[in-house]
Amino acid sequence: MSVVTVVEAAPEPLPDLDTEGFWKATARGEIALGRCQSCRRWQHPPVERCRECAGPTAFEPISGAGSVYSFIVVHRASVPGFSGLLPYVIALVELDEQPGLRLAARLVGVEPSETTIGQRLQGEITEVFGSEYRIPVFRPVATLAP
Amino acid sequence: MSTAIAGIGRTEYSRNSGRTTMAMAAEACRGAVADTGLDLAEVDGMICFQAAGDSVGPLAVSQSIGLPELAWSIDMNGGGNVVANVIATAAAAIEAGLCRAVVAYRSLNGRSGYRFGTATGKLSVGGPLQFEAPHGYLVPPQWIAMWAKRHQHVYGSTCEDLGQIATTQRAHAVNNPHAINRTPLTMDDYMAGRWINEPFRIFDCAYEIDGAVAILIVGRELAASLRQPPVWLVGSGDSQSGRGWTEWDDPTQMYSRYAAPRLWNRTGLSAEDMDVACMYDCFTYTVMATMEDFGFCEKGGVGEFFAKGQATYGGDVVVNPHGGLLSEGYIHGLNHYYEAALQLRGQGGERQVPDAKLALVTAGAGPYGGASVLSSEEP
């Protein structure tokens, strides 16, 4: 990977009562998602009450293991903070915890041309450029059957 | 009661209008009414849509063109996804007896002012996008490229398939004096286009412009007394939401997987009945996914459908005879209604679709959108 120079600040999250648990977890170095305390289904984006059964939800840590469901290679600086990073890869990451449970996130440690759908990934926490917030990114791991 | 598009109006389309959205809205609205011979003061309803506060609503625009007052008005919040809903809601208001003559408009400085494809400045992002914006993932040309990539993986569709859509629509725009992009585009030109968000190149993206469009909708009785042949609203189908851009279960299908059967069931029609299809084309892939959902061809078959000439003059249906948002320009989809009306009135000039009687107009992408069927004959 080339040396990265970031000259602008990236967009910052604006947490609310339903989402602040996610950001508190990343500040601790964890990836945590909302989970229904009744039916145990994971919820993302987080909601106060389960979208399936209306049970109460709480944030619980996830394994961070998942795979690439789809991805793009961003070549145009359409969002502030990323002109020094072009081209970068954004993936829809399907998490192992539950079919259809996805996070959109930046991939690290991989060249755009080496990214493939189905690639196995592991999440890790990094900084939001120019911000106090921290956020999960995903890195390819050695491919064994999931 | 049947309702019809009785008049159409628009401004020049440009890269930099040098005008306010108010001035352009006023010109387009006056134009739509003047098109029909209706006395401007008879307009008693107005509806528009805007996103991120990028335009001006009916309360101000009606004053600027001297309307005495409005019996009914809505300033709808949304983008391309609400256009069919704007038209359907205007028709419903007339059918409910709330008003008699509604002008629907969209006015935007989409290139010189607020651009949908680009975020700028120091941003704090709330809601579901707060998890994605800090990654540099925030704008529609990224979301829809992400969906297109999944379609390529599942159905083996290719960039050349997307290029067939872009080049066909550009060939149509060559015959449209109002279009902003009229230089012919070959497949080589398309493939040489710079990447925006892979798999999208520059020619996969709507061309953002400045301008305004207005559509006058009236009931049956009034339509019969006006100068232009009425273009009838046969029916509409909408579908909004369910899941968002990231969580949607199958990105090879869009809102249209629900809206299309809804529309065809209500109208008793199908894709093969359509002479013209003004398909919302914020991106080429939107055309691909929605044409499959509306039943013009099998999954993965859109590239071949275009390559064989089935989407142009002499084929099965003429898709975006004006060039669409890709080549005529991005008036956020209301220009698709303008074009459909023009074609069904037989006023398409050089690009007239022969014997055009029925048109599908779609608007929106991903989980959010809707569509209308228009007819030259009263339903």
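What pattern does chain A follow when read along the sequence?

Analyst: Happy to walk you through it. Please keep in mind that this is a predicted model. Read along the sequence, chain A goes β-α-β-β-β-β-β-β-β-β, which comes to one helix and nine strands. Its radius of gyration is 16 Å, close to the 15 Å that the globule rule gives for 146 residues, so chain A is as compact as a globular protein of that length. If you turn the model along its principal axes, the C-alpha trace of chain A spans about 45 × 35 × 25 Å. Of the 146 residues in this chain, 40% count as buried. Sequence separation is worth a look too: among contacts in chain A between residues at least 6 apart in sequence, 53% join residues at least 24 apart.

Next, the division into domains. Chain A splits into domain 1, residues 15-62, and domain 2, residues 63-146. Taken over C-alpha atoms, the centres of these two domains of chain A are separated by 20 Å. Where they touch, domain 1 of chain A contributes nine residues and domain 2 of chain A contributes 13. On the domain 1 side, helix α1 of chain A (residues 20-28) gives the most, with three residues. By class, that side of domain 1 of chain A divides into five nonpolar residues, three polar and one charged.

Now to the partner chain. Here 35 residues of chain A are in contact with 36 residues of chain B. On the chain A side, the elements that give two or more residues are β1 (12-13), β5 (65-74), β6 (88-95) and β7 (102-106). That side of chain A has 24 nonpolar, six polar and five charged residues.

For the close look, I would zoom in on strand β1 of chain A, one of the elements on that list. β1(A) pairs with strand β5 of chain B (residues 124-125). The two strands run in the parallel sense, and the pairing extends over two bridges. Within this pairing you can find A:Pro13 standing opposite B:Val125, which belongs to β5(B).

Note on methods: Residues numbered from 1 in each chain as written. Chains lettered and ligands numbered in written order. Predicted model: local features only at pLDDT ≥ 70, side-chain atom pairs only at ≥ 80, totals over all residues. Contact = placed C-beta atoms within 7 Å. Helix = DSSP H or I, 4+ residues; strand = E, 2+ residues; numbered from the N terminus. Nonpolar A, V, L, I, M, F, W, Y, C, P; charged D, E, K, R; others polar. Pairing = 2+ DSSP bridges. Rg over C-alpha atoms; globule rule 2.2 N^0.38 Å. Buried ≥ 20, exposed ≤ 12 C-beta atoms within 10 Å, placed from the backbone. Domains from an automatic or database assignment.
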